[in-house]
Amino acid sequence: MNNIKETVLCGALLAAFCLTGTAQAAPVQAVPSFTQEAEELARLPGGGWLTLDKHGLRLFNASGQEQDRIAVRAKQLDTRSDGNKVLAVFLEAETQRPLPVSVDVSAGKLNRLAPFPVPTFSVEASCLYRDAQQLDHLFLIGKDGQAEQWVMQGEQRSLVRKLALPPHAKHCRADDGAQRLLVSEANMGVWSYEADSEGMGKREVVALRKPYGQLDVGAGALAVLPGGVAVLDGKADKLHLYSHQGSKWTAQPAQAVTLNVRKGDSQLALDGNSLMLRGKDGWQARSLKWAGQAETSPAVAIIAPQAQTEPMARQGDAADDPAIWLSSNPANARILGTNKKQGLLVYDLQGKQTQLLEVGRLNNVDVRQNISLGGGKVDLAVATQRDDNSMMLFTINADGVVAEAGRFPTGLKSIYGMCLYQPASGGGVEAFINDKDGTFQQYRIEMSGMNGNKFSATLLRSFKVATQPEGCVADDANARLFLGEETRGIWTTSADAAKPDALAMVLPVGAQLTADVEGMAIYRQPGGKADSGYLIVSSQGDNSYVVLDAKAPYKVRGRFKVGFNLPAGIDGTSETDGLDVTSASLGGAYAQGMLVIQDGYKRLPDGPQNFKYVAWGDVAKALKLD
């Protein structure tokens, strides 16, 4: 089925789906005789057909004339359309290798494309999914529940991730607009999964067998409807329709059908305003009146990363927060990244790890350079240490080599996030440290000792927000602190401990910002005015990033997500904790600066967490920034 076309509301082919009222089935309608041999079929733009039968994959025009065929024994046909170009994928019966074909509807031609690798497990179900980046994915599901998600672009075929899905799944279909994978478990029912590969994903129950739901003996074939799904029960003698609103699936009255098939052999397909059902005696069509509304995700810019760091040496939730250190030679810049299970890592601009400091469970890190301390200049990194609730200091030399320089107890019970503040005048550096209970502490970091080589930290003030914070960033030029209260939004207050002011809300959690509010950074053009700049914030709940002015009234400039860079073998980002940005030219793609983003789930393929590098020029272009 062509899901993109199927979910267009009130189009010529879907007029019947746009009527209001209770879903109902009309009497059986005539089906073109040339399709009756087909075991599987798909309607094409312009009225033609694509069928799988014992002769192979066959292309028919609207008049029923065969235009082309590929001789093959095959099963599991699914399609996606883009104008008169159609992508079809099916499984070769003997090898179960997925074979993609480009269908040129105008020319009446079938063109083989580069195949996928032969699966390493026996495939029972397969289906296509087209993501928001307009990349085509293929889901392969085994009888024992093994499953894989692949992505294709040109001749490239890449494994995105492995999944664990229900056993005995013989049918699946994806709703592209809702980014939903629907899986039919033969002996149990229908499940809904997030089709988007980023994030942990979630599962919803759509329909279950009796006594848990309405299905008699489980679920059979599926067809995606706008805002819902059609399901044949395991006996193929009842048709069930389910609509989806919010997070709830609602069943319509079941409809009796007579298909005369063995269990699990039924098929469904959508033909405009008709639902096609196949049984032992061929295909029958039923017109439907359907009140469902197609679901779509909000439009958001998608930007490809330029590079990624080597993965963490620890599995699970390990990577957290990055910070950028600039060298006199831009090509020698370094990225510092925390590993919550190991310590501090250092990477070059190609993402190669150059250092590992195994100093314990570090959470957040920040960097300031050319700090006037002890009569000289020093580059410092500061991080929160969760093993002993301390603040750790690190020096960074001219070659970008990081060394531990001290740690200071904070008295906090559950230390969490932090950021540095370098006052525009007076030199020195200060650190804001927070606790999960909402407490913030502000310290001045100084250097003392006989030779001016011993660091100290003095508490300047404390304040508190109502619930758990983490991310924060200081606007040095304007002496402002921005902080994130994870479930409530972004606040600002004075960064000057001698001139405290009340917290003011910058952007609450809502339509543009989804909890949790996480990493923050400020982008300011080199030599730019102090009252200009952009605040970038991780909107963790929807895997996006919000860009807003860093000055009142804090106008939101846009949102973006980080997607695939398939030629480079890099996946997108999700569930981001920390991020950092610089406007310094680092050469090449980073001539306008770089954004470094923690990725909660590394795909392409699955692996330990890491950090992604994004060119700021790509962000500026996508959001039309100055």
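How much space lies in the largest pocket? About 1400 Å³ lies there, the volume being the space filled by probe spheres set on grid points that are joined across faces, edges and corners. A pocket is an open set of points, on a 1 Å grid over the protein atoms alone, where a 1.4 Å probe fits, with protein on both sides within 12 Å along at least five of seven lines; lining residues have an atom within 4 Å of a point.

The model is predicted: local features need pLDDT of at least 70, side-chain atom pairs count only at pLDDT 80 or more, and totals for chains, interfaces and linings use all residues. Residues are numbered from 1 along each chain as its sequence is written, and side-chain values use heavy atoms, with hydrogens and water left out.

Select Ala178, Gln179, Asp196, Ser297 and Lys561, which lie nearest the centre of the largest pocket among its 50 lining residues. Strands S10 (123-130), S16 (189-194) and S47 (556-562) each give two or more residues to this lining; strands are DSSP runs of E, at least two residues, and helices runs of H or I, at least four, numbered from the N terminus.

Next, select Val367, Arg368, Asp476, Ile522 and Val581, nearest the centre of the second largest pocket, which holds about 990 Å³ of space. Strand S32 gives the most to its lining, with 7 residues.

Finally, select helix H2 (residues 616-623), where Trp616, Gly617, Val619, Ala620 and Leu623 are buried (under 20% relative accessible area, 1.4 Å probe, protein chains only). These residues lie on the same side of H2 because they cover an arc of only 160° around the axis, taken from the directions from the helix axis to the C-beta atoms. Lys624 follows H2 and has a positive phi, near 55°.

Conventions. Buried < 20%, exposed > 50% of the residue type's maximum accessible area, 1.4 Å probe, protein only.
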